[in-house]
Amino acid sequence: MSLKNGITRAGRTLDSPRKSLGSGVVHALTLDNPAGWLTGEESVGMSRDRAMKISTVNRCVEVLSNSMAVLPVYIMNERTKERIQEHRLGRVLWERANEAMTSFDYQRLMLCNELLRGNAYAWIYRDPRTGWPRELIPLPPDYMTIHVDLDGHVWYFFTHPATGEVTMLRPDEILHYKAYSEDGLEGISVLRRASLTLSTARAAQLYENSTWMNGGQPSGILTTESDLGDSIEVVQPDGTKVTVDPKEQLRRSWEAVHRGPGNAFRIAVLDLGLKYQPISMTNSDAQFVESNEIRVADVCRFFGVPLHLAYAGKQSYASNEQNGIEFVNYTLLAYETQWGQEDTYKLMLPSERAEQLRIKRNLKVFLKGDTAAQQAWYRTMREISALNADEIRALEDMGTIPGGQEYCASWNYGPLSQWALLSVIRALGGAAKLPKEGDVKDE
(Lines give C-alpha, C1' and ligand atoms only; values in the text may rest on other atoms or scores of the structure.)
Protein backbone atom coordinates (compact mmCIF):
# COMPACT_ATOMS: atom_id res chain seq x y z
CA MET A 1 0.00 0.00 0.00
CA SER A 2 1.36 3.44 -0.86
CA LEU A 3 1.71 6.14 1.78
CA LYS A 4 -0.97 8.19 0.04
CA ASN A 5 -3.44 5.33 0.16
CA GLY A 6 -2.38 4.53 3.71
CA ILE A 7 -3.09 8.05 4.91
CA THR A 8 -6.37 8.02 3.00
CA ARG A 9 -7.48 4.74 4.58
CA ALA A 10 -6.22 5.62 8.06
CA GLY A 11 -9.12 5.40 10.44
CA ARG A 12 -11.46 3.63 8.05
CA THR A 13 -12.83 0.39 9.31
CA LEU A 14 -11.45 -2.96 8.38
CA ASP A 15 -13.85 -4.83 10.59
CA SER A 16 -16.37 -2.27 11.83
CA PRO A 17 -17.92 1.01 10.65
CA ARG A 18 -15.88 4.10 11.40
CA LYS A 19 -17.29 7.22 12.93
CA SER A 20 -16.65 10.54 11.23
CA LEU A 21 -16.84 14.04 12.64
CA GLY A 22 -17.10 15.83 9.33
CA SER A 23 -14.48 18.35 8.26
CA GLY A 24 -12.11 20.39 10.34
CA VAL A 25 -9.78 19.57 13.19
CA VAL A 26 -11.07 18.91 16.68
CA HIS A 27 -8.84 20.79 19.13
CA ALA A 28 -8.93 20.77 22.89
CA LEU A 29 -9.15 24.12 24.68
CA THR A 30 -5.91 24.84 26.53
CA LEU A 31 -4.13 27.88 27.89
CA ASP A 32 -1.51 27.56 25.15
CA ASN A 33 -4.23 27.08 22.55
CA PRO A 34 -7.25 29.21 23.55
CA ALA A 35 -8.79 29.49 20.11
CA GLY A 36 -8.11 25.97 18.84
CA TRP A 37 -6.36 27.16 15.68
CA LEU A 38 -2.76 27.07 16.96
CA THR A 39 -0.87 23.96 17.94
CA GLY A 40 0.57 25.72 20.98
CA GLU A 41 4.10 24.79 19.92
CA GLU A 42 4.57 27.62 17.43
CA SER A 43 3.03 30.18 19.77
CA VAL A 44 5.56 29.60 22.56
CA GLY A 45 8.56 28.31 20.61
CA MET A 46 10.23 28.57 17.26
CA SER A 47 9.40 26.66 14.11
CA ARG A 48 11.05 23.33 13.39
CA ASP A 49 12.70 24.67 10.24
CA ARG A 50 14.36 27.51 12.13
CA ALA A 51 15.40 25.23 14.97
CA MET A 52 17.04 22.76 12.59
CA LYS A 53 19.14 25.60 11.16
CA ILE A 54 20.88 25.79 14.53
CA SER A 55 23.81 23.44 14.14
CA THR A 56 23.60 22.00 17.66
CA VAL A 57 19.90 21.18 17.31
CA ASN A 58 20.46 19.61 13.91
CA ARG A 59 23.31 17.48 15.24
CA CYS A 60 21.40 16.35 18.35
CA VAL A 61 18.37 15.31 16.30
CA GLU A 62 20.57 13.42 13.83
CA VAL A 63 22.49 11.63 16.59
CA LEU A 64 19.36 10.53 18.45
CA SER A 65 17.29 9.54 15.41
CA ASN A 66 20.13 7.67 13.69
CA SER A 67 21.08 5.92 16.93
CA MET A 68 17.57 4.58 17.41
CA ALA A 69 17.23 3.67 13.73
CA VAL A 70 20.33 1.43 13.69
CA LEU A 71 19.23 -0.65 16.68
CA PRO A 72 18.39 -4.23 15.62
CA VAL A 73 14.79 -5.13 16.49
CA TYR A 74 14.04 -8.64 17.75
CA ILE A 75 11.40 -10.60 19.63
CA MET A 76 12.37 -12.35 22.85
CA ASN A 77 10.65 -14.79 25.16
CA GLU A 78 11.26 -13.17 28.54
CA ARG A 79 10.56 -16.45 30.30
CA THR A 80 13.22 -18.50 28.49
CA LYS A 81 15.36 -15.56 27.21
CA GLU A 82 15.18 -17.13 23.75
CA ARG A 83 15.07 -14.99 20.64
CA ILE A 84 12.29 -15.78 18.20
CA GLN A 85 13.98 -15.96 14.80
CA GLU A 86 10.86 -16.49 12.67
CA HIS A 87 7.84 -14.35 13.46
CA ARG A 88 5.03 -12.81 11.45
CA LEU A 89 6.01 -9.29 12.66
CA GLY A 90 9.40 -9.59 11.00
CA ARG A 91 8.09 -8.08 7.76
CA VAL A 92 7.25 -4.77 9.47
CA LEU A 93 9.82 -4.68 12.27
CA TRP A 94 13.10 -5.56 10.57
CA GLU A 95 12.29 -5.73 6.85
CA ARG A 96 10.09 -2.84 5.63
CA ALA A 97 7.70 -0.84 7.76
CA ASN A 98 5.67 0.06 4.66
CA GLU A 99 5.96 0.21 0.90
CA ALA A 100 8.00 3.43 0.90
CA MET A 101 10.15 3.05 4.01
CA THR A 102 12.75 0.66 5.28
CA SER A 103 12.85 -0.10 8.98
CA PHE A 104 15.69 2.41 9.34
CA ASP A 105 13.79 5.23 7.58
CA TYR A 106 10.64 4.55 9.58
CA GLN A 107 12.30 4.55 13.00
CA ARG A 108 14.37 7.64 12.21
CA LEU A 109 11.25 9.55 11.13
CA MET A 110 9.34 8.47 14.23
CA LEU A 111 12.02 9.72 16.62
CA CYS A 112 12.38 13.00 14.69
CA ASN A 113 8.64 13.56 15.13
CA GLU A 114 8.86 12.71 18.82
CA LEU A 115 11.70 15.16 19.37
CA LEU A 116 10.56 18.07 17.18
CA ARG A 117 6.79 17.68 17.45
CA GLY A 118 6.45 16.01 20.83
CA ASN A 119 4.47 13.06 19.46
CA ALA A 120 5.03 10.36 16.85
CA TYR A 121 2.06 8.47 15.39
CA ALA A 122 1.89 5.44 13.11
CA TRP A 123 -1.29 3.80 11.85
CA ILE A 124 -1.23 0.01 12.10
CA TYR A 125 -2.59 -1.30 8.81
CA ARG A 126 -3.78 -4.83 9.56
CA ASP A 127 -4.63 -7.74 7.32
CA PRO A 128 -8.45 -7.77 6.87
CA ARG A 129 -8.58 -11.56 7.35
CA THR A 130 -6.10 -12.25 10.14
CA GLY A 131 -5.81 -8.87 11.85
CA TRP A 132 -2.01 -9.13 11.81
CA PRO A 133 -0.06 -5.90 11.12
CA ARG A 134 0.99 -5.62 7.50
CA GLU A 135 2.32 -2.05 7.38
CA LEU A 136 3.11 0.79 9.75
CA ILE A 137 2.08 4.11 8.18
CA PRO A 138 3.50 7.26 9.89
CA LEU A 139 0.89 9.98 10.29
CA PRO A 140 1.69 13.72 10.44
CA PRO A 141 1.53 14.75 14.12
CA ASP A 142 0.12 18.17 13.23
CA TYR A 143 -3.01 16.46 11.91
CA MET A 144 -3.66 14.31 14.99
CA THR A 145 -5.79 15.21 17.99
CA ILE A 146 -6.38 13.20 21.16
CA HIS A 147 -9.79 13.19 22.85
CA VAL A 148 -10.90 11.61 26.12
CA ASP A 149 -14.64 10.87 26.28
CA LEU A 150 -16.85 10.99 29.36
CA ASP A 151 -16.15 7.32 30.10
CA GLY A 152 -12.39 7.95 30.17
CA HIS A 153 -11.68 6.22 26.85
CA VAL A 154 -9.00 7.70 24.61
CA TRP A 155 -9.68 8.32 20.91
CA TYR A 156 -7.44 9.60 18.16
CA PHE A 157 -8.81 11.98 15.51
CA PHE A 158 -6.92 12.18 12.23
CA THR A 159 -7.56 14.99 9.73
CA HIS A 160 -6.68 14.13 6.16
CA PRO A 161 -4.17 16.75 4.91
CA ALA A 162 -5.78 17.03 1.46
CA THR A 163 -9.52 16.57 2.02
CA GLY A 164 -9.91 17.80 5.59
CA GLU A 165 -11.98 14.72 6.46
CA VAL A 166 -11.77 13.78 10.14
CA THR A 167 -11.87 10.14 11.20
CA MET A 168 -11.72 8.50 14.58
CA LEU A 169 -9.21 5.78 15.45
CA ARG A 170 -9.08 3.38 18.36
CA PRO A 171 -5.94 3.36 20.55
CA ASP A 172 -5.06 -0.19 19.41
CA GLU A 173 -4.81 1.10 15.82
CA ILE A 174 -2.20 3.76 16.58
CA LEU A 175 1.39 3.50 17.74
CA HIS A 176 1.97 6.61 19.82
CA TYR A 177 5.45 7.57 21.07
CA LYS A 178 5.40 10.55 23.42
CA ALA A 179 8.10 12.99 24.45
CA TYR A 180 8.10 14.48 27.94
CA SER A 181 4.46 14.68 29.02
CA GLU A 182 2.60 16.42 31.81
CA ASP A 183 -0.63 14.44 31.45
CA GLY A 184 0.51 11.11 29.99
CA LEU A 185 -1.61 11.64 26.86
CA GLU A 186 0.36 14.08 24.73
CA GLY A 187 4.06 14.81 24.62
CA ILE A 188 5.73 18.21 24.74
CA SER A 189 8.44 18.76 22.15
CA VAL A 190 11.97 19.78 23.01
CA LEU A 191 11.41 22.94 20.97
CA ARG A 192 8.72 24.10 23.38
CA ARG A 193 10.63 23.22 26.52
CA ALA A 194 13.84 24.78 25.22
CA SER A 195 12.20 27.73 23.47
CA LEU A 196 14.10 30.38 25.47
CA THR A 197 17.48 28.69 24.95
CA LEU A 198 16.84 28.11 21.25
CA SER A 199 15.64 31.68 20.74
CA THR A 200 18.85 32.95 22.29
CA ALA A 201 20.92 30.63 20.10
CA ARG A 202 19.00 31.76 17.05
CA ALA A 203 19.51 35.44 17.90
CA ALA A 204 23.23 34.86 18.40
CA GLN A 205 23.41 33.06 15.06
CA LEU A 206 21.70 35.97 13.31
CA TYR A 207 24.02 38.45 15.04
CA GLU A 208 27.10 36.55 13.93
CA ASN A 209 25.74 36.29 10.39
CA SER A 210 25.00 40.03 10.32
CA THR A 211 28.49 40.82 11.60
CA TRP A 212 30.21 38.90 8.83
CA MET A 213 27.78 40.08 6.15
CA ASN A 214 28.82 43.62 7.07
CA GLY A 215 32.47 42.79 6.50
CA GLY A 216 33.25 42.28 10.17
CA GLN A 217 32.33 45.88 11.05
CA PRO A 218 28.97 46.21 12.80
CA SER A 219 28.56 49.85 11.76
CA GLY A 220 30.34 53.12 11.04
CA ILE A 221 29.77 56.84 10.59
CA LEU A 222 30.28 58.97 7.44
CA THR A 223 30.83 62.62 8.37
CA THR A 224 31.25 65.79 6.33
CA GLU A 225 31.25 69.51 7.03
CA SER A 226 29.23 70.16 3.88
CA ASP A 227 25.44 70.47 3.89
CA LEU A 228 23.95 67.59 1.92
CA GLY A 229 20.62 69.38 1.74
CA ASP A 230 17.06 68.16 2.00
CA SER A 231 15.15 65.70 -0.18
CA ILE A 232 15.03 66.51 -3.86
CA GLU A 233 12.93 65.27 -6.78
CA VAL A 234 14.70 63.33 -9.50
CA VAL A 235 13.18 62.69 -12.94
CA GLN A 236 13.38 59.02 -13.98
CA PRO A 237 14.04 57.91 -17.61
CA ASP A 238 10.35 57.07 -17.99
CA GLY A 239 9.36 60.59 -16.99
CA THR A 240 8.21 59.85 -13.47
CA LYS A 241 9.50 61.84 -10.51
CA VAL A 242 10.97 60.22 -7.40
CA THR A 243 11.84 61.95 -4.12
CA VAL A 244 15.44 61.16 -3.11
CA ASP A 245 17.11 61.81 0.23
CA PRO A 246 20.80 62.68 -0.35
CA LYS A 247 21.82 61.05 2.94
CA GLU A 248 20.01 57.81 2.11
CA GLN A 249 21.44 57.84 -1.40
CA LEU A 250 24.96 58.26 -0.01
CA ARG A 251 24.40 55.43 2.49
CA ARG A 252 23.22 53.03 -0.21
CA SER A 253 26.11 53.84 -2.54
CA TRP A 254 28.60 53.24 0.33
CA GLU A 255 27.02 49.90 1.30
CA ALA A 256 26.94 48.77 -2.33
CA VAL A 257 30.72 49.11 -2.51
CA HIS A 258 31.90 48.18 0.99
CA ARG A 259 29.23 45.95 2.58
CA GLY A 260 29.54 42.18 2.72
CA PRO A 261 32.42 39.75 3.28
CA GLY A 262 33.44 39.94 -0.39
CA ASN A 263 33.94 43.70 -0.12
CA ALA A 264 35.77 43.73 3.20
CA PHE A 265 39.04 45.72 3.37
CA ARG A 266 38.48 47.43 0.00
CA ILE A 267 40.09 50.86 -0.39
CA ALA A 268 37.57 53.64 0.03
CA VAL A 269 37.75 56.78 -2.13
CA LEU A 270 35.98 59.69 -0.46
CA ASP A 271 35.08 63.10 -1.85
CA LEU A 272 32.99 66.06 -0.75
CA GLY A 273 35.08 66.14 2.44
CA LEU A 274 33.64 62.82 3.67
CA LYS A 275 35.34 61.02 6.55
CA TYR A 276 34.63 57.45 7.69
CA GLN A 277 34.79 56.60 11.39
CA PRO A 278 34.30 52.87 12.15
CA ILE A 279 32.51 51.71 15.29
CA SER A 280 34.11 48.38 16.01
CA MET A 281 33.09 45.71 18.49
CA THR A 282 35.04 42.46 18.46
CA ASN A 283 33.59 39.09 19.40
CA SER A 284 36.06 38.83 22.28
CA ASP A 285 34.73 42.10 23.75
CA ALA A 286 31.28 40.56 23.92
CA GLN A 287 32.70 37.19 25.04
CA PHE A 288 30.99 35.72 22.03
CA VAL A 289 33.03 32.53 21.92
CA GLU A 290 32.43 31.77 25.58
CA SER A 291 28.70 32.39 25.32
CA ASN A 292 28.50 30.21 22.22
CA GLU A 293 29.98 27.27 24.16
CA ILE A 294 27.41 27.77 26.90
CA ARG A 295 24.56 27.75 24.36
CA VAL A 296 25.83 24.51 22.80
CA ALA A 297 25.95 22.87 26.23
CA ASP A 298 22.43 24.10 27.06
CA VAL A 299 20.97 22.64 23.86
CA CYS A 300 22.77 19.33 24.39
CA ARG A 301 21.35 19.12 27.91
CA PHE A 302 17.79 19.47 26.62
CA PHE A 303 18.33 16.62 24.14
CA GLY A 304 20.42 14.45 26.46
CA VAL A 305 23.35 14.27 24.02
CA PRO A 306 26.99 14.39 25.23
CA LEU A 307 29.06 17.33 24.06
CA HIS A 308 31.55 15.20 22.15
CA LEU A 309 28.72 13.78 19.98
CA ALA A 310 27.84 17.37 19.06
CA TYR A 311 31.51 17.97 18.14
CA ALA A 312 31.94 20.29 21.11
CA GLY A 313 33.79 20.27 24.42
CA LYS A 314 37.38 19.43 25.25
CA GLN A 315 37.01 16.13 27.07
CA SER A 316 39.64 13.41 27.00
CA TYR A 317 39.20 10.10 25.21
CA ALA A 318 38.50 8.33 28.50
CA SER A 319 35.77 10.80 29.50
CA ASN A 320 34.24 10.65 26.02
CA GLU A 321 34.07 6.87 26.31
CA GLN A 322 32.29 7.18 29.65
CA ASN A 323 29.95 9.84 28.24
CA GLY A 324 29.10 7.46 25.40
CA ILE A 325 28.16 4.76 27.88
CA GLU A 326 26.00 7.21 29.82
CA PHE A 327 24.34 8.31 26.56
CA VAL A 328 23.25 4.70 25.94
CA ASN A 329 22.18 4.07 29.54
CA TYR A 330 20.43 7.34 30.34
CA THR A 331 19.13 8.54 26.97
CA LEU A 332 18.72 5.74 24.43
CA LEU A 333 17.59 3.16 26.99
CA ALA A 334 14.58 5.33 27.86
CA TYR A 335 13.49 5.52 24.20
CA GLU A 336 14.11 1.78 23.72
CA THR A 337 11.97 0.96 26.77
CA GLN A 338 9.13 3.27 25.69
CA TRP A 339 9.07 2.00 22.12
CA GLY A 340 9.35 -1.65 23.19
CA GLN A 341 6.40 -1.39 25.55
CA GLU A 342 4.23 0.41 23.01
CA ASP A 343 5.14 -1.98 20.17
CA THR A 344 4.59 -5.06 22.32
CA TYR A 345 1.15 -3.97 23.51
CA LYS A 346 -0.14 -2.76 20.14
CA LEU A 347 1.45 -5.20 17.66
CA MET A 348 1.42 -8.55 19.48
CA LEU A 349 -1.58 -10.74 20.26
CA PRO A 350 -2.79 -11.05 23.88
CA SER A 351 -1.87 -14.73 23.80
CA GLU A 352 1.69 -13.85 22.77
CA ARG A 353 1.98 -11.29 25.54
CA ALA A 354 0.70 -13.90 27.98
CA GLU A 355 3.59 -16.11 26.89
CA GLN A 356 5.88 -13.18 27.77
CA LEU A 357 6.95 -12.44 24.21
CA ARG A 358 8.38 -8.93 23.99
CA ILE A 359 9.63 -6.65 21.20
CA LYS A 360 13.07 -5.31 22.08
CA ARG A 361 16.01 -3.50 20.52
CA ASN A 362 19.64 -4.45 20.99
CA LEU A 363 21.59 -1.56 22.54
CA LYS A 364 24.81 -3.58 22.51
CA VAL A 365 25.23 -2.74 18.85
CA PHE A 366 27.12 0.39 19.99
CA LEU A 367 29.91 -1.79 21.34
CA LYS A 368 30.94 -2.40 17.73
CA GLY A 369 32.49 1.03 17.64
CA ASP A 370 35.00 0.14 20.37
CA THR A 371 36.88 -3.04 19.45
CA ALA A 372 38.73 -3.30 22.77
CA ALA A 373 35.54 -2.96 24.82
CA GLN A 374 33.76 -5.44 22.57
CA GLN A 375 36.53 -8.04 22.91
CA ALA A 376 36.61 -7.63 26.68
CA TRP A 377 32.84 -8.05 26.88
CA TYR A 378 32.87 -11.19 24.74
CA ARG A 379 35.72 -12.69 26.77
CA THR A 380 33.98 -11.99 30.07
CA MET A 381 30.64 -13.37 28.87
CA ARG A 382 32.28 -16.58 27.68
CA GLU A 383 34.36 -17.05 30.83
CA ILE A 384 31.26 -16.89 33.01
CA SER A 385 29.43 -19.28 30.65
CA ALA A 386 26.88 -16.65 29.60
CA LEU A 387 27.69 -17.01 25.87
CA ASN A 388 29.13 -19.79 23.77
CA ALA A 389 31.27 -19.46 20.65
CA ASP A 390 28.31 -19.75 18.25
CA GLU A 391 26.37 -17.03 20.07
CA ILE A 392 29.36 -14.70 19.96
CA ARG A 393 29.88 -15.43 16.28
CA ALA A 394 26.20 -14.75 15.61
CA LEU A 395 26.62 -11.27 17.14
CA GLU A 396 29.43 -10.73 14.61
CA ASP A 397 27.30 -12.01 11.71
CA MET A 398 29.37 -15.19 11.42
CA GLY A 399 28.24 -18.79 11.02
CA THR A 400 28.44 -21.68 13.46
CA ILE A 401 31.53 -23.86 14.03
CA PRO A 402 31.95 -27.48 15.25
CA GLY A 403 31.65 -27.55 19.03
CA GLY A 404 30.56 -23.93 19.12
CA GLN A 405 27.43 -24.73 21.13
CA GLU A 406 29.45 -25.87 24.15
CA TYR A 407 29.54 -23.49 27.11
CA CYS A 408 33.00 -23.17 28.63
CA ALA A 409 34.12 -22.14 32.11
CA SER A 410 37.34 -20.80 33.57
CA TRP A 411 38.88 -24.24 34.33
CA ASN A 412 40.96 -24.06 31.18
CA TYR A 413 37.70 -23.38 29.35
CA GLY A 414 36.42 -26.91 29.78
CA PRO A 415 32.85 -27.83 28.87
CA LEU A 416 30.25 -27.41 31.61
CA SER A 417 29.02 -30.97 31.11
CA GLN A 418 32.34 -32.24 32.56
CA TRP A 419 32.73 -29.48 35.16
CA ALA A 420 32.55 -31.80 38.20
CA LEU A 421 35.09 -34.23 36.73
CA LEU A 422 37.51 -31.47 35.76
CA SER A 423 37.23 -29.97 39.23
CA VAL A 424 38.32 -33.31 40.77
CA ILE A 425 41.23 -33.62 38.34
CA ARG A 426 42.36 -30.07 39.16
CA ALA A 427 42.19 -30.81 42.90
CA LEU A 428 44.14 -34.11 42.66
CA GLY A 429 46.74 -32.78 40.25
CA GLY A 430 48.78 -35.25 38.17
CA ALA A 431 47.66 -38.26 40.19
CA ALA A 432 44.23 -38.19 38.62
CA LYS A 433 43.46 -39.96 35.38
CA LEU A 434 40.48 -39.71 33.12
CA PRO A 435 38.32 -42.84 33.26
CA LYS A 436 38.35 -45.01 30.18
CA GLU A 437 35.34 -46.58 28.60
CA GLY A 438 34.40 -49.74 30.53
CA ASP A 439 36.27 -48.77 33.72
CA VAL A 440 33.12 -47.64 35.49
CA LYS A 441 30.79 -50.49 36.38
CA ASP A 442 27.27 -50.32 37.68
CA GLU A 443 26.89 -51.41 41.28
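**Notebook: core and helix packing**

I started with the largest nonpolar core, which has 51 residues, and Leu64, Tyr106 and Phe303 touch the most other members. By core I mean buried Ala, Val, Leu, Ile, Met, Phe, Trp, Tyr and Cys joined through side-chain atoms within 4.5 Å, with buried being under 20% relative accessible area (1.4 Å probe, protein chains only). There is also a second, separate core of eleven residues, including Leu139 and Phe158.

This is a predicted model, where local features need pLDDT of at least 70, side-chain atom pairs count only at pLDDT 80 or more, and totals for chains, interfaces and linings use all residues. Numbering runs from 1 along each chain as its sequence is written, and side-chain values use heavy atoms, without hydrogens and water.

I looked up Leu64 next. Beyond its neighbours within four places in sequence, Leu64 is in contact (heavy atoms within 4.5 Å) with Leu111, Leu115, Phe303, Val305, Phe327, Thr331, Leu332 and Tyr335.

Then I checked the helices (DSSP runs of H or I, at least four residues, numbered from the N terminus). H4 (residues 55-69) packs on H6 (residues 103-117) at about 140°, axes 8 Å apart. Among the contact residues are Val61 and Leu64 of H4 and Leu111 and Leu115 of H6. I noted nine nonpolar residues, three polar and one charged in this contact.

H6 also packs on H11 (residues 317-347), at about 110° with axes 13 Å apart, so these two are roughly perpendicular. From H6, Gln107, Met110, Leu111, Glu114 and Leu115 meet Tyr335, Gln338 and Trp339 of H11.

Conventions: Axes are lines fitted to C-alpha atoms, for helices over the stretch in contact, and angles run from 0 to 180 degrees between N-to-C directions. Ala, Val, Leu, Ile, Met, Phe, Trp, Tyr, Cys and Pro count as nonpolar, Asp, Glu, Lys and Arg as charged, and the others, Gly among them, as polar. Buried means under 20% relative accessible area, exposed over 50%, partly exposed in between (1.4 Å probe, protein chains only). Angles under 35 degrees count as roughly parallel, over 145 as roughly antiparallel, 65 to 115 as roughly perpendicular and the rest as oblique.
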